[in-house]
Amino acid sequence: MSSDLTNGDQFPSSIAAPQGFQSFQQIGLEQPDDEDSAPKIGRYLAALKRYRWMIVGITLVGSVLGTLSTRFLKPVFTAQATLWVQDQGRLGVGDAQPIAQGNLLDSQAWVELLKTYQVLDEVVRRERLYLIFDEDDAPLFDGFALADSLLPGSFALRVSESGRTYTLTSSSGARESGAVGDSIGRSLGFRWQPDIELTPPEFGVDFVIEIPRDAAVELGSKLDPRIDLNGNFLRVVLTGPSPGRVARVLNAVIERYVEVAADLKRGKLVQRVNILEEQLARSRAHLDTTEVELERFRIETITLPTDAATPIVGGIAETRGPVFDDYFRKQIDRDFYQRDRNDIIAELDRAADTGVLAVGALEIIASVQASSEMSQALTDLAEKTAELRTLRSQFTDEHPPIRTLLRDIATLQTSRIPRIGRDLANQLQNRLDVLDQQITVAGVALQAIPPRMIEEARLQRDLTIANELYGTLQERYQQSRLAEMSVQPDIDILDRAVAPQRPSKNSAPQIMLMGIVASLGLGIAVAILLDRLDKRIRYPDQVTRELGLPILAAIPSAMGPGKNGSRQVDAYHVVEALRGARMNMTYAHGGRWPLIFTITSPGPGDGKSFLSANIALSFAEAGSKTLLIDGDLRRGGLHKSLKLARRPGLSDYLSGNANVEDVLQTSEFGQLDFIGRGRSSPAAPELVGSPVLTALIADLRDKYKVIIVDSPPLGAGVDAFSLGTQTGAMCIVVRRGQTNKDLAGAKLEMLNRLPIHVLGAILNDVSPDDASYHAYSYYMDGYGTEELEDGEDDSPNLLGKSSA
């Protein structure tokens, strides 16, 4: 745009500024350059207000959907049961029991045992958790059971109109028919014969059969077992939609849990009895062998001289006292230790070669029995082996307690027992070395003791040890048999589950609240999104920042009736806004007279003609001789607002069919003259751009102080650009909610290349309640004329239709 003055310039030095005059920026017609460009909160509030009914509608829809969704959500009930886990390891000395049974599992293993299929599969079978049906049909499925083979899926049972036959169909296509009262679903793997009274004519029911193992997995996922730090209290929690059913299932779980624990304990004792029975048999065989060997030795040596007839060297009789007995005992001990050491080393070597440790062969060795560490290790191995056999009868090797037992048994067989055995062999060798030294020192005389006596004493000692071992094993065997017959589980039920009266979780209120909040948020988001996508101008910053135009005035909507049914109250707002536009256009023009400018708009319907007529009237009422020219040669209608003639008019003059005196018309407002558009002409663009119009404006400059040309919209053709070039200045009318921002921007870009001084923009059809436009208004409610003389009328003059 080219002009001798830019927007916001002061008056030229040749023209004195009126007293109190403020620059364009000082009166708020342009925003400061350093103001934040982000949208203000007021813009968002205006968008929410504009789309408030849409937001209310979305919120109501979301609330209704949230309420409806709660019908598909059932409340969750929680049942709890408590069990007592006995810990034998914590029994005091005074609590020692005559038959100690030992702990079955550790604390964590008790928790894992609860979720095993040994417990859950039986509960699923007893409670028919594999069967899904409506609660109202529960009596129909009493006695329902599954055969060994079944067909899972969805099923539909229908009874004929006569009530004599039924048809059972599955989702897989299987079908069965039969007589009502007979077994139903036998070919599908069911054991079901409902009462005939529950299957009347035309009766139908739908149900679902799951694989029992799948139902067990689902049940296990809902169980929440927790054991306290001391390992004595096990609390089990189960959740479900039905309070009675969840308590019944939980009680079935803990009852089955105690049964499995008792079976495992009994199985462990049975295995232990079997192991002791095997050891007792080996011990009895060893005892019989030692008795036979001693008896055979005595028979073989019966013909030898007795001890009293044995020739002894002189002085040997004195050695039959303590010295003789001590030497004799040491000789026997040496042979005993040597034999035990050889047996231990032989068994350890055999275990290293074969990978299998012969526990029974080690247990009958006297030195092994005398070693508390080795005896304890062998006892631990026997107990763990018995427990492993018991668990393997019901679980796979992937069960955690079984994996733990396998690891412990491997450690005992490959590490702990061999290490203790080697240490024991070394101890026996040390004893042999000491005994060898003591025997050597005893002297030649004592070494003359007959070997028969030493061998007989050794055999007698073996028999004594075999008797003691057999007696010990027999006592342990009898105790284990008694323990097996009086077995008690290591876990007892303290508190059974009862049906909860209130749900532990009811998400219906939360879902409803979430529906309201989410729908409200969605409505707000949609409103803001629609506002951001809206191509129409609605806010002042879209004019000042995005279009780069200063705002000259904001013309409010003339809405509704005022006093006595008129538009008087709202008209005051419009007239005061027009006066503000008049003042700002005068200063934006630079204060030079005459004021010659064109009023246009980006598109039709923006209210430019209404504002052209009333701005001209405002100048005329201010005492300025004003000429209003209807430059819209195609559709101009200003003559209707002024109640004057359309022709002869501007087109007639420009085409040479009329002179100036013919087209000039004087209005009823005295200082306001008017030139109509004249006869419609298809050559309107050429006419308004001709030198004839230039000469006309030049001739009228001296006669009028203000010349206003109402042009067609910028988007209607080149007419507005030609008229703007003729007048040299232009004012753009922008209607809130009507003017297309992209169109306005494109047309202003074209104006930048023409010698047209754009004075600014006038915002039309502004809501008086819109706070974002208050900075551009001049009228204050309640500050009108208070008293009038008789016969006086303060009603403002407005031409044409309202801006609304």
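This is a predicted model: local features need pLDDT of at least 70, side-chain atom pairs count only at pLDDT 80 or more; totals for chains, interfaces and linings use all residues.
One of the residues involved is S154, whose bridge partner in β8 is V208.

Strand β4 also pairs with β5, again in the antiparallel sense, over five bridges. Here R158 has T167 of β5 as its bridge partner. The two strands form a hairpin with five residues between them, and G163 in the turn has a positive phi of about 80°. A further hairpin is formed by β5 and β6, with four residues between the strands; in this hairpin G173 takes a positive phi near 105°. The pairing of β5 with β6 is antiparallel and comprises five bridges. The bridge partner of T165 in β6 is A179.

The side chains of strand β5 (residues 165-170) alternate along its length.

Two packed helices are described by the angle between their axes and the distance between the axes. Helix α4 (residues 117-127) and helix α6 (residues 243-300) have axes that come within 9 Å and cross at roughly 135°. That angle makes α4 oblique to α6. The crossing of α4 past α6 is right-handed. On the α4 side, the contact involves Q118, V119, E122, V123, R126 and E127. These residues meet R245, R248, V249, A252, V253, R256, Y257, E259 and V260 in α6. By residue class, the contact of α4 with α6 divides into seven nonpolar, one polar and seven charged residues.

Helix α4 packs against helix α5 (residues 212-222) as well, at an angle of about 115° and with the axes 9 Å apart. The two helices, α4 and α5, are therefore roughly perpendicular to each other. Their crossing is right-handed, with α4 passing α5. From α4, the contact is made by Y117, L120, D121, V123 and V124. From α5, P212, R213, A215, A216, V217, L219 and G220 take part. The contact of α4 with α5 consists of nine nonpolar residues, one polar residue and two charged residues. V123 of α4 takes part both in the contact with α6 and in the contact with α5.

Another open sheet has eight strands in the order β12-β19-β18-β13-β17-β14-β16-β15, and its pairing is mixed. The edge strands are β12 (551-556) and β15 (665-666), and each pairs on one side only. Strand β12 runs parallel to strand β19 (residues 757-766), to which four bridges join it. I551 has A761 in β19 as its bridge partner.

Helix α16 (residues 608-621) packs on this eight-stranded sheet. The strands touched by α16 are β12, β13 (595-600), β14 (626-630), β16 (672-675), β17 (706-710), β18 (729-735) and β19. The direction of α16 makes about 170° with that of β17. Helix α22 (residues 719-727) lies across β13, β17 and β18, and runs at about 165° to β13.

Methods:
Residues are numbered from 1 along each chain as its sequence is written. Side-chain values use heavy atoms; hydrogens and water are left out. Two strands pair if DSSP finds at least two bridges between them. Axes are lines fitted to C-alpha atoms, for helices over the stretch in contact, and angles run from 0 to 180 degrees between N-to-C directions. Angles under 35 degrees count as roughly parallel, over 145 as roughly antiparallel, 65 to 115 as roughly perpendicular and the rest as oblique. A crossing is left-handed if the near helix is turned anticlockwise from the far one by less than a right angle, and right-handed if clockwise. Contact means heavy atoms within 4.5 Å. Ala, Val, Leu, Ile, Met, Phe, Trp, Tyr, Cys and Pro count as nonpolar, Asp, Glu, Lys and Arg as charged, and the others, Gly among them, as polar. Buried means under 20% relative accessible area, exposed over 50%, partly exposed in between (1.4 Å probe, protein chains only).
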